[in-house]
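Hello,

Here is the structure we talked about handing over. Please look through it first; my notes follow below.

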Amino acid sequence: MTRHPIDNLAALAIGALDADEARAVRAHVAGCQSCGAELRALEEAAFAVVATAERDVPDGLRSKIVERARREGVPRQAPSSPLFDLFRRPAPLAIPVALALLLLVSLAAYAGARRDADRYASALAGIAGARVVALAPTGEVAGVRGSLVIPATGAAPYLILDLPAAPSGKTWEAWVLRALESPLAAGITNERGVTTLVLTAPLASGDGVAVTLEPSGGVDRVTGNPVLAGKT
Amino acid sequence: MSRVAGGDADALGELYDHYGRVVFGLIYRMLGSPESAEEVAQNAFHSVWRQANAYRPERGSVRTWLLAIARNAAIDWRRSKGNRVGRETVIDETLMLVDERRVEDTVITNLRAQRVRAAVASLPPEQREVLSLAFWSGLSQTEIASRTGAPLGTVKSRVRLGMARLREWLGDDEVQR
């Protein structure tokens, strides 16, 4: 970006930019000294305003926070996949639009070409009254496909997956990804081929969904890299 | 932050000692309930603990990062509880900024905070409104446009002008201190 995003720096400083805009402005600021200095000055002003809300904290809050951290131990590095990095950043972020579009186009082409013979495409073609979001294969495991289905009726969202057999001692596990939070375990399956997995964790607009390979029985905290990922 | 990322819970406690009042105050102001604010503040610091290794100094200060986490934790909490709470808070907080006499006595009353509040109060009402919705209701410019009915371009310009004036006034204030 060569044009300085002066008009958006104030909004970025107070967290009022939409995620895509914020990402673009941050990318510019990272390489622009003058915009960086301007942003820091605006963040100072923003902090001064926020600090007017400062107030006494409840008794015991500090010890609750520290004890909870002690109980959990050393924070674990999340998987190094950039898809997980997106959801670890403070601001709500989305998978790049270009990737999402590519996935949708790919999925549409795929479903159209193999509708009669492919159970996965047939399953997708049979969906009515729901929003379908294609999940992106990350390349971690070959031959995986998946889609997130969000019924308009308000019923629980579910995944339609086409998976190879999980290796011995492993299971496929779904996760709900939310900015600022660790991935939420959302169900496991050991099925091979086309299967349906109802998400057991709540899914909100803007959340992401991923599938990883985890130890048999599933785990509460993600250990594997995503093999499929997408965003609502 | 490197100590926190390394698993030093005492360092997290020190971070809390430094910013706990601001974090709790921001969340309280956004949610309007001490019980909810306590729960969300705890969650926010827990997120800091778990994500400390994602903090990058070159992207901004610790406090900016921490407040972004706190703000998002409050937004997430409000979304999880439905919009009703949010709407009530928006109305209350907008009024609080429009009429300085309604600022609660329990809010910090030191000279610096009074100066900042005076600077905010001196903004034109339309700039004060959009900044209030951004700061205390956690709305984006797009959401503010939708909420107020003002064109997005107008909202953007009010945010920009309002923050420019605050920056100017508060910058002068820093010089005088």
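**What I found**

In chain A, 57% of the contacts between residues at least 6 apart in sequence join residues at least 24 apart. Contact here means that the C-beta atoms of two residues, placed from the backbone, lie within 7 Å.

First, the conventions. This is a predicted model, in which local features need pLDDT of at least 70, side-chain atom pairs count only at pLDDT 80 or more, and totals for chains, interfaces and linings use all residues. Residues are numbered from 1 along each chain as its sequence is written, while chains are lettered from A and ligands numbered from 1 in the order in which they are written.

Confidence: chain A averages a pLDDT (the predictor's confidence in each residue, from 0 to 100) of 78, and 79% of the residues score at least 70. Over residues 78-83 the pLDDT is below 50, with 14 contacts beyond near neighbours in sequence. Residues 85-103 of chain A are also below 50, and that stretch has 37 such contacts in the model. Where pLDDT is low, the predicted coordinates should not be read in detail.

Chain A has 7 helices and 9 strands (DSSP runs numbered from the N terminus: H or I of at least four residues, E of at least two). Of its 232 residues, 39% count as buried. Buried means 20 or more other C-beta atoms within 10 Å of a residue's own, with C-beta atoms placed from the backbone.

Strand β9 (226-231) of chain A is largely enclosed by the rest of the structure, because 6 of its 6 residues are buried. β9(A) runs antiparallel to β2 (136-137), with 2 bridges, and antiparallel to β8 (208-215), with 5 bridges. (Strands pair if DSSP finds at least two bridges between them.) A:A229 is the bridge partner of A:A136 and also of A:A210.

Leaving aside neighbours within four places in sequence, B:V23 contacts B:A41, B:A44, B:L66 and B:A70.

Last, the interface. 60 residues of chain B are in contact with 49 of chain A. α2(B) gives the largest share of the chain B side, 12 residues.

Best wishes

Notes:
Buried ≥ 20, exposed ≤ 12 C-beta atoms within 10 Å, placed from the backbone.
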